[in-house]
Amino acid sequence: MSKALDGVRILDFTHVQSGPTCTQLLAWLGADVIKVERPGGGDITRGQLRDIPDVDSLYFTMLNHNKRSITIDSKHPDGKAVLEELVAVCDVLVENFAPGALDRMGLGWEQIQKLNPRMIMASVKGFGPGPYEDCKVYENIAQCAGGAASTTGFDDGPPLVTGAQIGDSGTGLHLALGIVAALYQRNATGRGQKVLAAMQDGVLNLCRVKLRDQQRLAHGVLKEYPQYPHGTFGASVPRAGNASGGGQPGSILKCKGWETDPNAYIYFITQAPVWTAICKVIGREAWITDPDYATPDARLPRLKEIFGVIEAWTMTKTKFEAMDILNEHDIPCGPILSMQELAEDESLRKTGTVVEVDHPTRGKYLTVGNPVKLSDSATEVTPSPLLGAHTDEILRDVLKFDEARMNKVRASGALGRAAHV
């Protein structure tokens, strides 16, 4: 079966998480991703957070599936020559270096355009053009600068970052979409272009409902927030705890066993169309016609009480028992699933969302598979490459070096020593 991005060749200058997330997704979709790494060490995450000595960490392996690795010393004249030849034959260059790093390597935009006018240069940066564009940014900084932290947590506590990597991985996914769009436009124009995904911008895009609420706040209090009606609203959007971000009030509620199980909870939404069913399930039929509870507007000032009553019911059920009962009535809800539960979920294994991979040096491990499912482009998740394992293969098959040229550049020291299985 052909893949969606068959024939697209990506020159991957990325490291850590944001860039590798992008290039891994493109590789899953069929692109040939050539990961360029420095000899001797490679991507810094190969050695970070190791759980097994002297093998690539899960941090690295889970972000670099389906790629090929070549080691090149970009400061070596022969190494730079190899890089320039790769630029000439690839479709996309993806990088998440600090600002100015590519220019210092002699691969700024003007030089790339000379080498390959069709090249798409895609970059992850912390901030877009502006006063902070030269600042170094990591995941939690992006969450804070993009508006996520200020709106996460409870009103009486500090701002919180989320466990989801919306700054790094979220921006990588945004960049992948930009690359695919640029490739499509190139079909018409024949020209490459620059694609930028700033981490602050990506986080803010994911926080758009909070920017919505900031503007609503100018016209009155936000009635779906837990601060209403007894709390106070300031000049900016407050932290909303576990309240729903939409028009349907929701909350996380305790379930049976919560005293000993930190994940014995369920998210419950009091959706207006199923209010009658909710009242019947929890044994409060009188609320169906009571004017204090019968309409969404009437319920808003009483949400704390309402969720307290619903929680008294959910505490008599496990989260899965509650799910079964509520789903019979189309009442929106969802269990709080731990990482252990997700890892053991057979349905996620069947869909390829959770995949077991057999790595040549660390053995079998679980990883997240391609979250995007295409009916005509199946994804096979292959192990991440050992450092420089495909150096000879890329020189021979991509750059068409003959044996003499390969021996010459290898002897120069520009490629370092490749790892082999």
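Guide: In β9, G334 is the bridge partner of Y267. Helices (H or I, at least four residues) and strands (E, at least two) are DSSP runs, numbered from the N terminus. The model is predicted, so local features need pLDDT of at least 70 and side-chain atom pairs count only at pLDDT 80 or more, while totals for chains, interfaces and linings use all residues. Residues are numbered from 1 along each chain as its sequence is written, and side-chain values use heavy atoms, leaving out hydrogens and water.

Visitor: What makes β8 and β9 a pair?

Guide: Two strands pair if DSSP finds at least two bridges between them. Three bridges join β8 (residues 265-269) to β9. Therefore the two strands count as paired. They run antiparallel.

Visitor: Which strands are the edges of the sheet?

Guide: The open sheet has three strands in the order β7-β8-β9, with antiparallel pairing. Its edge strands are β7 and β9 (333-335), as each pairs on one side only. Neighbouring strands are turned by 20° against each other on average, direction ignored.

Visitor: Which helix packs on the sheet and touches β7 and β8?

Guide: That is α12 (residues 303-314). Touching is contact, meaning heavy atoms within 4.5 Å. The direction of α12 makes about 40° with that of β7. Axes are lines fitted to C-alpha atoms, for helices over the stretch in contact, and angles run from 0 to 180 degrees between N-to-C directions. Helix α13 (residues 319-328) lies across β8 and β9, at about 160° to β9.

Visitor: Why is S244 called buried?

Guide: Buried means under 20% relative accessible area, exposed over 50%, partly exposed in between (1.4 Å probe, protein chains only). S244 has 17% relative accessibility, so S244 counts as buried. The residue sits in the loop between α9 (208-217) and β7 (250-254). Not counting residues up to four places away in sequence, S244 touches P249, G250 and Y267.

Visitor: Why does N66 count as buried?

Guide: N66 is at 17% relative accessibility, so the buried label applies. N66 lies in the loop between α2 (58-61) and β3 (67-71).

Visitor: What is the phi of N66?

Guide: Phi is positive, about 65°, although N66 is not a glycine. V16, also not a glycine, has a positive phi of about 60°. Most residues other than glycine have a negative phi, and most peptide bonds are trans.

Visitor: Which residues does a cis peptide bond join?

Guide: Y228 and P229, with omega about 5°. P229 lies in the loop between α9 and β7.
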